[in-house]
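Please look over the sequence and the model shown here before reading on.

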There are 2 protein chains.
Amino acid sequence: MTPVSDPSESPSGDQVNRTLLVIGGAEDKRRRVVVLKRFVRLAGARDAKIVVIPTASSLAEEAFEVYQSVFGRQHVSDISLVNPQTRLAAAEPDLIEAIDNATGIFLTGGNQLKLGQLIVGTPVHEAITRAYHRGAVVAGTSAGASVLSQFMISMGEEGVAPRQRVSQLSAGLGLLPGVILDQHFGQRTRYARLLSLIAASPSLLGVGIDEDTAAEVVNERTMTVVGSGAVYVVDARAAVSDAHEARRDAPLMVSGAVVHSLPYGSCFNLEAAQLTDFTEMHPEVAVVTSPTDVHDTANAAAALRR
Amino acid sequence: MTPVSDPSESPSGDQVNRTLLVIGGAEDKRRRVVVLKRFVRLAGARDAKIVVIPTASSLAEEAFEVYQSVFGRQHVSDISLVNPQTRLAAAEPDLIEAIDNATGIFLTGGNQLKLGQLIVGTPVHEAITRAYHRGAVVAGTSAGASVLSQFMISMGEEGVAPRQRVSQLSAGLGLLPGVILDQHFGQRTRYARLLSLIAASPSLLGVGIDEDTAAEVVNERTMTVVGSGAVYVVDARAAVSDAHEARRDAPLMVSGAVVHSLPYGSCFNLEAAQLTDFTEMHPEVAVVTSPTDVHDTANAAAALRR
């Protein structure tokens, strides 16, 4: 992991937290809306000024309308579209201004290579970075999630068996250095593709996020899991591997990687690569103690006191 | 892991190794036949006396014929069928005698619960254990692989997300204590079902074997990988988990499990749960050094010597 700095200082001298909401795709938009409600809350609830960037999507206008509708139902009225379709367009002053005024930025799903090629290194990218450092929440789902890291994953097959050169990396927005972010993780069985890249770059931490699930990351360090699935962390820093010499498509040898499967309520330190807490439990995964057990224990305690 | 004893002593006082060949199912029977050739070699090649136990299969006679044909093509002529269809039949003297004379025992695929119910705890089971301790190789594929361990896995869903109570354990033959053996591992994405059981029983090591791949285990300790896929080891002994309290079907929290993805040529110590060697490489996964590199290095070395 890259060393992580302390909270940013705002122009007024206050310390602000930097917050990312990295969503594994297919987040619920109609029922409990847990993940997107969290985004709206982080962006300032009713007072949020949200910028939606649907550039990854081939149906960008429709994607914008979907999120406009979801955020509108959460009583947010200030929702702007930023949709550059060329790198030149990603320098237009009105787009930059919208981002500079935003309290929340939302990158939709689609093609992450398109997203990377159109915005990484442009003034839109710079504006997103500025917004992140002044405390605006930056969220991405699916392709929009992968592009948040410095090393962006793409391609690759489904499966659990890591193989040589089935996947590739390109440059992302770099808001979360030291991490490779993958999405639709359990649903598309992306364990192998993440592990094969981490084996080749063991200094990076692999973070795979299930659908309808988010990793909420504060100051690039503290990660909390929100939603109905889990977040997987793969840590190959102490592993040995033949990734430097294995033949193309050969099964990779990776020995000693440490894995973490983290559902709702898990809190994880990305610097130390360690679970720090598992108390903020979701009602649906909370401890179910059978009434009989409780009754028995209460009776026994009462009997002891007598 | 259960403490492992040293090699058995034969009646003549010689030390004999105990050998298991645990096959992940769908092993190649027509082309390179790597795994089954290895079984025949371990059983004594041409002089092998092989017992095939196709009891797990609903097409037991056909399964026997298939293996009879494969082993016949490897010049083995002494091949017997042991196919008890009731627990009472699993005590028949002629079956016990065949096993007592065998140098290799092969358990086919099929339904592992049927196999467990019909032979575990019977005289056939006792004879298999005797054979194993006097040095006969015991092999099982698919269902026949799972039944070799003490805790036999069954049921469960495909996927990478471990969930509460998706899988279950029953009693196996116990030749490999301290381990849960799963098969068709990558092909059927059994990562989640293995991890969920290991999370609940962290003293056991999870070993998942790909199709057309075998774990060759000597004296319950030294495991070597043979075949075209990989063997996965999941070690949750140092992990933390909520498996003791998670709600049925909830995603499990498992943090700090150590994983190993081990292709052909990997050698692993099951007691220490550590990779010990990765030199016995298969030609297909061997290091490919480009001719140019070799040429350059040779030229540079020659130049230095001058």
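Just after helix H5 of chain B, Gly135(B) takes a positive phi of about 105°. Helices, with at least four residues of type H or I, and strands, with at least two of type E, are DSSP runs numbered from the N terminus. The model is a predicted one, in which local features need pLDDT of at least 70 and side-chain atom pairs count only at pLDDT 80 or more, whereas totals for chains, interfaces and linings use all residues. Residues are numbered from 1 along each chain as its sequence is written, chains are lettered from A and ligands numbered from 1 in the order in which they are written, and side-chain values use heavy atoms, with hydrogens and water left out.

Helix H5 of chain B covers residues 123-133, and its buried residues are Val124(B), His125(B), Ala127(B), Ile128(B), Ala131(B) and Tyr132(B). Here buried means under 20% relative accessible area, while exposed means over 50% and partly exposed lies in between, with a 1.4 Å probe and protein chains only. Viewed down the axis of H5(B), these buried residues fall within an arc of 160°, so they line one face of the helix; the arc is that of the directions from the helix axis to the C-beta atoms. The cover over the buried residues of H5(B) includes strands S3 (19-23), S4 (49-53), S6 (104-107) and S7 (137-141), together with helices H3 (93-101) and H4 (112-119), of chain B.

Leu175(B) is buried, with a relative accessible area of 4%. Leaving aside neighbours within four places in sequence, Leu175(B) is in contact with Leu20(B), Ile128(B), Thr129(B), Tyr132(B), Val138(B), Leu148(B) and Glu220(B), where contact means heavy atoms within 4.5 Å. Leu175(B) and Ser149(B), although 26 residues apart in sequence, are 5.7 Å apart in space, C-alpha to C-alpha.

In H1(B), the residues Val35(B), Leu36(B), Phe39(B), Val40(B) and Ala43(B) are buried. Down the axis of H1(B), these buried residues fall within an arc of 140°, so they line one face of the helix. H1(B) is followed by Gly44(B), whose phi is positive, near 115°.

The next topic is the aromatic rings. A pair of aromatic rings is described by the distance of the centres and the angle of the planes. Rings of Phe, Tyr and Trp (its six-membered ring) pair if their centres lie within 6.5 Å, and planes under 30 degrees apart count as stacked, over 60 as edge-to-face and the rest as tilted. By this rule the count comes to 13 aromatic pairs over all chains. Phe39(B) and Phe71(B) form a tilted pair, 5.4 Å centre to centre with 45° between the planes. Since Phe39(B) lies in helix H1 (residues 34-43) and Phe71(B) in helix H2 (residues 60-73) of chain B, the pair ties together parts that are 32 residues apart in sequence. Phe71(B) also forms a tilted pair with Tyr67(B), at 5.9 Å centre to centre and 35° between the planes; both residues lie in helix H2 of chain B, four residues apart, about one turn of the helix. Tyr67(B) counts as buried at 6% relative accessibility, and Phe71(B) counts as buried at 0%. In chain A, ring pairs link Phe39(A), Tyr67(A), Phe71(A) and Phe106(A) into a cluster.

Also in chain A, Ser167(A) has its place in the loop between strand S8 (151-154) and strand S9 (168-171). Ser167(A) is buried, with a relative accessible area of 13%, and a polar atom of its side chain lies 3.0 Å from the backbone oxygen of Ser154(A).

As a whole, chain A has eight helices and 18 strands, and buried residues make up 55% of its 306 residues. Among contacts in chain A between residues at least 6 apart in sequence, 71% join residues at least 24 apart.

How, finally, can chain B be laid on chain A? A turn of 180° and a shift of 0.0 Å along the axis bring chain B onto chain A with an RMSD of 0.0 Å, and that is the relation of a two-fold axis. The copies are superposed by least squares on the C-alpha atoms of residues with pLDDT of at least 70 in both. Of the residues of chain B, Val258(B) comes closest to the rotation axis, at 2.2 Å (C-alpha). Of the interface residues of chain B, 100% are also interface residues in chain A, so the copies meet through the same surface.

Conventions:
A polar contact is a pair of N or O atoms within 3.5 Å; within protein, one must be able to donate a hydrogen and the other to accept it, and residues adjacent in sequence count only if both atoms are side-chain atoms.
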